[in-house]
Amino acid sequence: MFHVKLPGQDAMAREADEKLVSRRIKLPKRIVEHPLRQVAKRLLMALFVLFLTVFIVWLDRDGYHDNANESVDLLDCFYYATVTLSTTGYGDIVPHSDSARLINILLITPLRVLFLIILVGTTLEVLTERTREEWRLKRWRKNLREHTVVVGFGTKGRSALQTLLATGLSKEQVVVVDPSAKVIDTANAEGFTGVVGDATRSDVLLRAEVQKARQVVIATQRDDTAVLVTLTARQLNRGAKIVAAVREEENAPLLRQSGADAVITSASAAGRLLGLSVLSPSAGTVMEDLIQQGSGLDLIERPVRKSEVGRSVRDTDDLVVSVLRGHRLLPYDDPHASPLQLTDRLITIVRAVPPTAPRMTPGPAE
């Protein structure tokens with residue numbers, strides 16, 4: 001018997017740190033140096049500015065006056081450079097010659113400004129990071145539409161994304177939703193925008209802009225979770241294409257009733273492929289090649305070309321497997337499949353386009 005869980009059951013099983021960051025959008029991070037390396041680099045720059053100032057003052061030490069003993073030694077140069085760069089300025093050591101004052105104007109003052117910039121650079125970066133991220137998030141929301149939402153970034157979700165990327169989908173048009181913050185960090189590292197949270201909640205899917213999505217891929221680990229995600233996604237977006245995966249074949253009808261356009265039974269599909277490979281290893285290899293986009297043979301759907309209208313299925317340039325006419329899927333040997341009509345779509349087997357060559361995406365019928 002199929003049991004539907006409540007939306008909050010997954011949240012009870014999460015770790016405490018993931019609860020704190022739930023339902024948060026995480027854009028792909030730019031490549032940034034390790035914090036310790038950044039601090040070390042800033043420290044070296046500050047020390048370089050300090051020693052450069054000491055060297056400049058030492059070269060013109062006769063142009064400086066010390067109120068304590070009138071002469072300026074190396075220690076006095078370090079002391080003057082320190083209080084000057086830190087803008088403390090006690091006034092006990094001052095430049096009195098014209099050359100020393102000119103050097104202070106032209107060199108020491110710019111070095112002081114540079115020294116302060118280096119010291120407060122880390123603080124300024126922290127203060128501006130949130131503003132910069134909010135600006136990126138607003139721009140992302142404004143430009144995002146007709147994208148793909150992938151719920152679950154496990155083996156199934158990754159494989160589905162690899163296939164979509166092989167057909168020309170850009171990473172900027174993908175939003176990954178997963179309850180694990182660590183999983184979303186992994187998705188960010190691969191260049192995908194991520195939303196941390198329970199996809200059975202409408203506010204989480206709204207953060208993923210599912211209402212503007214063109215297609216939704218549901219690859220959760222549990223079938224009951226997939227049902228709830230499908231119901232929520234269909235409620236928020238009536239026109240999106242929703243494809244869901246389930247483990248048990250008996251749960252597939254419930255997914256379709258919930259609003260999924262296509263349901264893939266992962267356990268049964270893997271079992272059938274195993275059985276086919278036992279009977280014929282070569283046939284199993286061909287089937288695995290067909291479902292792996294971008295290499296060998298690809299199984300694609302395309303519109304009928306004007307030059308193919310009125311012709312038989314066998315007379316087309318590609319190897320046609322099925323003809324999609326309206327909501328009917330006709331096998332290639334069905335007598336009603338031929339002649340082809342302008343509104344038909346063909347399921348064909350073609351040679352995969354090499355990665356170096358531009359991939360032709362199916363457009364409107366010629």
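Arg 141 and Glu 209 form a salt bridge in which the closest N and O atoms are 2.4 Å apart, a salt bridge being a side-chain nitrogen of Lys or Arg within 4 Å of a carboxyl oxygen of Asp or Glu. Arg 141 belongs to helix 5 (residues 98-143) and Glu 209 to the loop between helix 8 (202-207) and strand 7 (215-218), so the pair ties together parts that are 68 residues apart in sequence. Helices (H or I, at least four residues) and strands (E, at least two) are DSSP runs, numbered from the N terminus. Arg 141 is partly exposed, at a relative accessible area of 27%, whereas Glu 209 counts as buried, at 6%. Buried denotes under 20% relative accessible area, exposed over 50%, and partly exposed the range in between (1.4 Å probe, protein chains only).

The structure is a predicted model, in which local features need pLDDT of at least 70 and side-chain atom pairs count only at pLDDT 80 or more, while totals for chains, interfaces and linings use all residues. Residues are numbered from 1 along each chain as its sequence is written, and side-chain values use heavy atoms, with hydrogens and water left out. The average pLDDT of the chain (the predictor's confidence in each residue, from 0 to 100) is 80, and 83% of the residues score at least 70. Over residues 1-23 pLDDT stays under 50, and the model has 39 contacts for this stretch beyond four places in sequence; contact means heavy atoms within 4.5 Å. The pLDDT is also below 50 over residues 356-366, a stretch with 18 contacts in the model beyond near neighbours in sequence.

The chain contains twelve helices and 13 strands. Of its 366 residues, 36% count as buried. Among contacts in the chain with a separation of 6 or more, 66% are accounted for by residues 24 or more positions apart. The accessible surface of the chain is about 21,800 Å², with 60% belonging to carbon and sulfur atoms; accessible areas come from the Shrake-Rupley method with a 1.4 Å probe, and for residues only the protein chains shown count as cover.

Eleven salt bridges were found in a search of the whole structure. One of them joins Arg 302 and Asp 318, with the closest N and O atoms 3.0 Å apart. This pair links distant parts of the chain, as Arg 302 lies in strand 10 (residues 297-303) and Asp 318, 16 residues apart from it, in the loop between strand 10 and strand 11 (319-325). Arg 302 is buried, with 5% relative accessible area. A further salt bridge connects the side chains of Asp 344 and Arg 325 (2.8 Å, N to O). Asp 344 is in the loop between strand 12 (328-331) and strand 13 (345-351), and Arg 325 is in strand 11, 19 residues apart. Asp 344 is buried at 1% relative accessibility, and Arg 325 is buried at 16%.

Residues 39-59 are 100% helix and 0% strand, with end C-alpha atoms 30 Å apart. Leu 44 lies in helix 3 (residues 35-59) and is exposed, at 59% relative accessible area. Together with Leu 43, Leu 47 and Phe 51, Leu 44 forms a nonpolar surface patch of about 410 Å² of accessible area. Patches comprise residues with over 30% relative accessible area and no salt bridge, like charges being joined within 9 Å and nonpolar side chains (Val, Leu, Ile, Met, Phe, Trp, Tyr) within 5 Å.
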